[in-house]
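Q: Please take a close look at the charged side-chain pairs in this model. Which residues pair up, and where do they sit?

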Amino acid sequence: MIMTVFHRLTPRRIARVSATVVIGAACLALFGACATTSTASEEKTGKEQSPATRVMVAEIALERGECREAAENYLTVANGSDDPKLARRATEVALACGQLQSSAAAVKRWRVLAPRDAEAALAAAIIALKLYRLDDARAALTQWRDSGAQGAQDPSEFALLLERESDSTAALAVFSDVLAGSDPTAEVLLAQGQLALHSFDLKRAIECGRRAQELDAGNPAARALVVRAQALLGQADAALSGARDIERDFATNLEADDRFLVADVLIAFERTEEARAELMNLRKDATLQAAADRRLGAMAMEMGDDSVAERHFSQLVGEQGSTAIAVYYLGRLAERRQDTGRALENYKLIADTPLATVARSRAASILLKRGSRVEALALFDDYARQHPEEGVELASARAQVLADHGDFDAAHADIEAALRRYPGHPSLEYQRAALLERAGRTREAEAALDRLVRERPADPGLANALGFTLADHNRELPRAEKLVQRALDTSPDSPAIQDSLGWIRFRQGRTQEAARMLEHAFKTGRDAEIAAHWGEALWVLGDKSGARSAWARALTVDPDNALVKTTVARLTGEK
């Protein structure tokens, strides 16, 4: 196991776990006794707060959910102390609070004070990944590896950690360069292949899976990795044959997800009746019933068969690990029936589960449509006060809901306020640019994205976003194509990036080629906005029936999608 999980702690948990210890240590180390002067009185008199007082202020701020104040106070103390424990604490607090600039400064101080500390190196690597500073991440992770701290750490678990703390493409780049080496084990290859699969570098995933098989022929996970990558590449015969071979060779001696490999491949290639039969057979095993019902429900929803979907999701209510997702989808089904009262009830039932943000977003959307703005926004604000560790995600969700309802000024103000609370946070910076574009402030959006691309040139998401924005407004198509091709170098099979290239081809007048690209991208990603583009290309080619079919599929996936609706209205005159 990893030596520490401090970066996963929430602000309140950090405060509860060690506030007394840290305050006591700081007082003894810095003063010998804690000052009792109140923060308010120091602010009024203009006196500089003592380090011990700053520690107390930081811990009180944590309890109140005032994350930025806590992080900045701890950073000030750490920079004025030679105690690496305080620098470590400053790093813990800043990371848990989403204060990435403070966490980068704190971990830098920690490494100055404890240059051989493996946990400091690991923290530095994770922070650098969050900021997409890949060279810094490689250097820090190399120090961690060379310290011997890697030990018996399971490669797949560690790869999952890196991915969870950053994103798949950043994790893959650093994991491959630092931890794979020139002679990797089957376990390392499998971990690398999983990251490649999640990064939509599918040929690389297949290569890793096959090399892992050569080293460990009895490993079904390596073979399953190859099959999943082949399915995403559209290699139907190879994927289905491989899935059936695994099922035959290993029978029931498979991980739960891999028991569904044949069904998942059939679903991917829209062989619905065969997939349904496979799932109904698997459902006879009580240990697989819930997972089978989840797939059957999702498949029925995508096909627009709401009554079947409702039956399967209803059967999941009360099942451990499945109830929240079932209640969420039952809420979505209620929305489709225009039964917003029932939908609201469902979303409120799961408003304090791991699905809290998405459930509260759906509920807020319903309330905004009803004109209940105060009640809608309170869903985010109340939860944020109780869960400050989720502040970035909640701020993003709040702004997104406002933008979806056309209130771009309020959405933009929300993101600006969030950036003051979380300075320089990459996801908020990106969302700010996206909101500017949605509000019609295209030049400002392009300028914002251009700055972010210069700051993070290795990030394929940013290169793709700028490339697509240029193409969508039919400007600088050669530059747009270069940006998107650069993104494809990192994630060659990403449906979002393939959609961008297909849209560029459409803007270039290469409509037949665009339609093929967009169809493949939709079948891989099942994204409504890709279907909007695909349908438009088909419409221009004269395939009006195919275009309507693509849009209908998109609205089945996402009934409220604004781009699909505006595209249909613009091209057909229908509302």
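A: Keep in mind that this is a predicted model. Start with Glu-270. Its relative accessibility is 35%, so Glu-270 counts as partly exposed. Glu-270 pairs with Arg-553 in a salt bridge, with 2.2 Å from N to O.

Next comes Asp-177. Its partner in a salt bridge is Arg-138, and the closest N and O atoms are 2.6 Å apart. This pair also links distant parts of the chain. Asp-177 has 49% relative accessibility, so it counts as partly exposed. The cut-off matters here, because exposed means over 50%. Arg-138 has 21% relative accessibility and counts as partly exposed. Again the cut-off decides, because buried means under 20%.

Now Arg-505. It forms a salt bridge with Glu-513, and the closest N and O atoms are 3.2 Å apart. Arg-505 has a relative accessible area of 6%, so it is buried. Glu-513 has 23%, so it is partly exposed.

Some salt bridges share partners. Through them, Glu-59, Arg-88, Arg-89, Glu-92 and Glu-119 join into one network. Across the model, the count comes to 53 salt bridges. In general, side chains of opposite charge can pair when their charged atoms come close.

The largest nonpolar core has 70 residues. Leu-141, Trp-144, Phe-158 and Phe-175 touch the most other members. Helix α7 (residues 118–130) gives this core its largest share, eleven residues. Take Trp-144 as one example. Leaving out residues up to four places away in sequence, Trp-144 touches Ala-118, Ala-121, Leu-122, Ala-149, Gln-150, Phe-158 and Leu-179. A second core is separate and holds 23 residues, including Ile-246, Leu-261, Leu-288 and Ala-292.

Note on methods: Residues numbered from 1 in each chain as written. Predicted model: local features only at pLDDT ≥ 70, side-chain atom pairs only at ≥ 80, totals over all residues. Heavy atoms only, no water. Salt bridge = Lys/Arg side-chain N within 4 Å of Asp/Glu carboxyl O. Helix = DSSP H or I, 4+ residues; strand = E, 2+ residues; numbered from the N terminus. Buried < 20%, exposed > 50% of the residue type's maximum accessible area, 1.4 Å probe, protein only. Core = buried A, V, L, I, M, F, W, Y, C linked by side-chain atoms within 4.5 Å. Contact = heavy atoms within 4.5 Å.
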